[in-house]
Amino acid sequence: MLPVIGATRPWADPSIVAIGRLPMHTLRTGRERVRLDGPWSFALFDAPDAVPHQAVDGTRDGDGIEWRQIAVPGVWPLQVATDIPHYTNVQMPFPGPPPRLPDVNRAGVYRRRIEVPEDWTQDRIAVRVGGADSVHAVYVNGAFVGYGTDARLHSDYDVTDVVAPGFNELAIVVIRYSAHSYVEDQDAWWLAGIHRQVELVRIPPRSIADVHVDADFDADSGLGALSLEVHADLGESPTAGFAVEAWVERLDGERVTDVAQSQIDHEHAKPYEFTGFLAHLSWTDLTVAPWSAETPHLYRCRVVLMSSAGAVVDSTSYAIGFRRIELRDAQLLVNGAPVWIFGVNRHDHHPDRGTAVTTADIRADLTAMRRHNINAIRTSHYPNDPAFYDLCDELGFYVIDEANIEAHAYNRYLCDAPDFRSTWLDRGARMVERDRNHPSVIAWSLGNESGYGANHDALAAWIRRADPSRPLHYEDAIRVEGWNTGGTLATDIVCPMYPTIAEIADYGSAVASGVASRPLIMCEYSHAMGNSNGSLADYWEVITATPGLQGGFIWEWKDHGLRQELGDGTARLAYGGQFGDSPHDGNFVADGLVGADGDPHPAMAEVAWVHRPVETRLDGADLAVRNRRFFTSTADLEATWTLVANGDAIAAGVFEDLVLGPGEERTLPLPHAVPPRGDVRFTVEWRLRRSTWFADAHHVVSRDQVVVRDDAASRRPPAARAGIGELARTCLASIAESAEPAIWRAATDNDGIKLRLESHRALGLGDATLGRWTSAGIDVTPADRLVAHSVTRKDDGDRIVLLHTFDVPEVLSDLPRIGVRFELDARFSVMRWCGRGPHENYADRKSSAVVGTWTSGIESCPYLVPQEFGLRTDTTWLELIDDANGERIRITGLGAPFSWSATRYRAEDLFAAPHSSDLREADRLIVHLDAAHRGVGTGACGPDVLEQYRIGTGQFVLEYALEATGQGTSGTAPPASESSVASGGSHARNEGERTTSSARATDHTRR
């Protein structure tokens, strides 16, 4: 049994939030620390009651315990084979009700010998546990020193009286599940262990205990103001004469204020008058540069505690930014401007270390985000590592800081439960106390999906009093009480989860009519699970046109796959249930814009487009160009143009000296004469002039293609009349004869989560779209048995013309696709086409894909769970090329543009495979040509595909010509390479832009 606390079992009592823990404070510099990262001794027990006292009693010999080495920071389910990761979304991993705990509730004991320097003995010494999941207890030399909850904030313990100079024994007991697990029920893996740093901290006997910084900026006057509230710890016997000095300087050390000084009141025995050992200092009318996500100007505030003799007793400094956050006229304003929130939700995740992320991991996330024009992050659903906020301050991101409160499984109960009240208050208050000095934090969130009750109102009231400079955010308050006027005690922002476009438009109407007065910023929307993020452009068309709407946070940033070694020596990125964890929620944990290893999914190109900082559109016969940034000009960008005629780039150039001020819109004449006939488009790109922290010079940050004349027929190539050999003639005939109707696609996660289909059916739930499709048998029944199909063939010299007609009956409305499928020899390994590209695109996710002539290799499935992928839309011709000899099959659309895909996987194989590691490439190239293809939507956890992107009933026609050509007919196929379309992970190249690179059109290589 654990010494001291074993009998009372605080981990089973939600009202006990800490024992012996020091008060939370803003994190500071200037303290001497010893980092304790690295290997620790570790022993795992089945329950905290099973931990013998010898495990923590300070001795090392003869304890009979089997110790092993484990890394700190780290999580033991990824390091110790006797315990496993466990994934659930809503449901708890063990049965309730709260605060009941499972019988097997493992406890890990971490042991390490620590050395206390001799010269530390005159000071106070603390142990800091950066983060331990779920709760922890600390012992030093066998003495119990403290217990703490909240896995996502650090806990400090004073160990001055129990350590001695030299070597000491530190033991930390981490308990996997606690009563507090019921409010840590986030949509993520349950991973136990010490996942953040452990440190020894040296604290002077009299010290700066905390500093509250209020760095304000008045946009009207252009001046800043600063006030400091400095809390001093004067020990047990406060004496007179202590004072605080402070000043502000640039990061290069040049001062921007004078040195201010304030005495500290030490006379605590003054009833009704004493307010604490405080000093207040302030400055006004400061000439400073404001902080924003676009212009993250930082300064350094230095604070010094002086003794009565004038000696420096303690000192610290903070990176600060001058900015003002306010709500006015149904808008969230930063320095007076109603900024766009181009946001994502972000969990701490690494495929090998789980929640134990490093500063380098965080920086890599932020770098990839900014490459895709993301400027805001919601810390779903807990406070992040302190390094995250430092980087957001430095690099420029708006942050909604979220308390570690999610009671998803019991969200209508715990929010009013009195025994959880202290849990609510402690978690939210400690978050504010730690992070209040960060300029990147623009709002406080009371947590996520925890109902709405008295505990929320109590926490909201505390935060409003402690920090009135920021608004509050809490989604469930408006879900329960309504968007227009509901939940105002708990949220200043209308922050719905997965609303429809119609719903946010209706809210805009409520703002316009005066019924509603708060800004709407979606806390979660566009669920990025698998092939997803349909209608992003439709959301932003409404957002940018509707006062009161300011954007939102896409769910979510990264897949949570965990690397798992298989019996054959290979490895895969596993999802829920693949470790033997039960109950589980399967691949619902794989719902990111990037993979677990950070590779962008194709939808990232669309994300970058809707977030683009500069917008170009056609205005009559001119170009209208608008800078969508609020604080910075386009001086850091260079604008280039390409004239695309009939799918080919025929001219390119640079808009010389084009600089737009913040928010400026300008009309420009077309930069080149327009050809008198055919399909004519101008592609305008804005690129970085110089390398930055997030991308190299020439990285594309914005791309728009304006259509001067839309004439798809003009994009068709002339018929190839060069004559073909018998082998090619046979190949064409085989295609013409084998092309079969196809109405099925390997269901996307948004069509329905296939891994849950049978269990949902057994429960009578079903997945609306996928369940309907499979009930109709379209996944297993030949298409021509369900859809009437006829085909006519015409041999026209060396080409074959096929006309397919499909009649979709009323009972099969809203099919996945209407088209044909055929197979080719695997030697065809290059794709060349004229249509939208370069990246994968669908009917409701194609705004970022521009019309041109593109070349690419055959792609692999980019999604953790195999599903439909690789489509290109609005195509007039397609060539499939044998790269070894240049032989190619050309497919030319003779009617409306078509959609197509060419992969190494049949739809039935994709649908049958539960994991990408189960996929095996076919020895053929599987080609789909579609007259219509359903959009992707975001229905896995959000709205389904909009009506205009669904396939209705009636007649559909697909007409195309088949030709076989040699290398010389269409030119040698350029090698496939990567593209930087604000990336998106594509591997296609725009040929026209290659040929005009000498005219300052930079080669599209993703860096």
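The largest cavity holds about 100 Å³ of space. A search of the whole structure finds 7 cavities of 30 Å³ or more. A cavity here is a set of points, on a 1 Å grid over the protein atoms alone, where a 1.4 Å probe fits but cannot get out; lining residues have an atom within 4 Å of a point. Its volume is the space filled by probe spheres set on the points, which are joined across faces, edges and corners. This is a predicted model, in which local features need pLDDT of at least 70 and side-chain atom pairs count only at pLDDT 80 or more, while totals for chains, interfaces and linings use all residues. Residues are numbered from 1 along each chain as its sequence is written, and side-chain values use heavy atoms, with hydrogens and water left out.

Which residues line the largest cavity? They are Asp133, Ala151, Arg152, Glu184, Gln186, Ala188, Trp189, Trp190, Leu191 and Asn404. The lining divides into 5 nonpolar, 2 polar and 3 charged residues. Ala, Val, Leu, Ile, Met, Phe, Trp, Tyr, Cys and Pro count as nonpolar, Asp, Glu, Lys and Arg as charged, and the others, Gly among them, as polar. Strand β13 (residues 188-190) gives the largest share of the lining, 3 residues. Strands (E, at least two residues) and helices (H or I, at least four) are DSSP runs, numbered from the N terminus.

Trp190 also belongs to a ring cluster, joined by ring pairs to Phe94, Tyr177, Tyr182 and Tyr410. Rings of Phe, Tyr and Trp (its six-membered ring) pair if their centres lie within 6.5 Å; planes under 30 degrees apart count as stacked, over 60 as edge-to-face and the rest as tilted. The count comes to 27 aromatic pairs. Take Trp40 and Tyr110: their ring centres are 6.4 Å apart and their planes are at 80°, so the pair is edge-to-face. Trp40 lies in strand β3 (residues 38-45) and Tyr110 in strand β6 (residues 107-116), so the pair ties together parts 70 residues apart in sequence. Both Trp40 and Tyr110 are buried. Buried means under 20% relative accessible area, exposed over 50%, and partly exposed in between (1.4 Å probe, protein chains only).

Phe397 and Trp693 also form an edge-to-face pair, because their ring centres are 6.4 Å apart and their planes are at 70°. This pair links distant parts of the chain, 296 residues apart. Phe397 sits in the loop between α2 (386-395) and β27 (398-402), Trp693 in the loop between β39 (680-688) and β40 (700-709). Trp693 counts as partly exposed, at 32%. Arg370 lies over the face of Phe397, 4.3 Å from the ring centre. For such a placement, NZ of Lys or CZ of Arg must be within 6 Å of the ring centre and within 35 degrees of the ring normal.

Now to α2 itself. Of its 10 residues, 7 are buried, so α2 is largely enclosed by the rest of the structure. Among the buried residues are Phe388, Tyr389 and Asp393. The buried residues of α2 pack against α1 (359-371), β26 (376-378), β27, α3 (421-435) and β28 (441-445).

Helix α7 (residues 536-545) also has 7 of its 10 residues buried, so α7 is largely enclosed by the rest of the structure. Its buried residues include Tyr539 and Trp540. They pack against elements including α6 (501-512) and α8 (604-610).

Key:
1 Å grid on protein atoms, 1.4 Å probe; cavity = no way out; pocket = protein on both sides within 12 Å on 5 of 7 lines; lining within 4 Å. Contact = heavy atoms within 4.5 Å.
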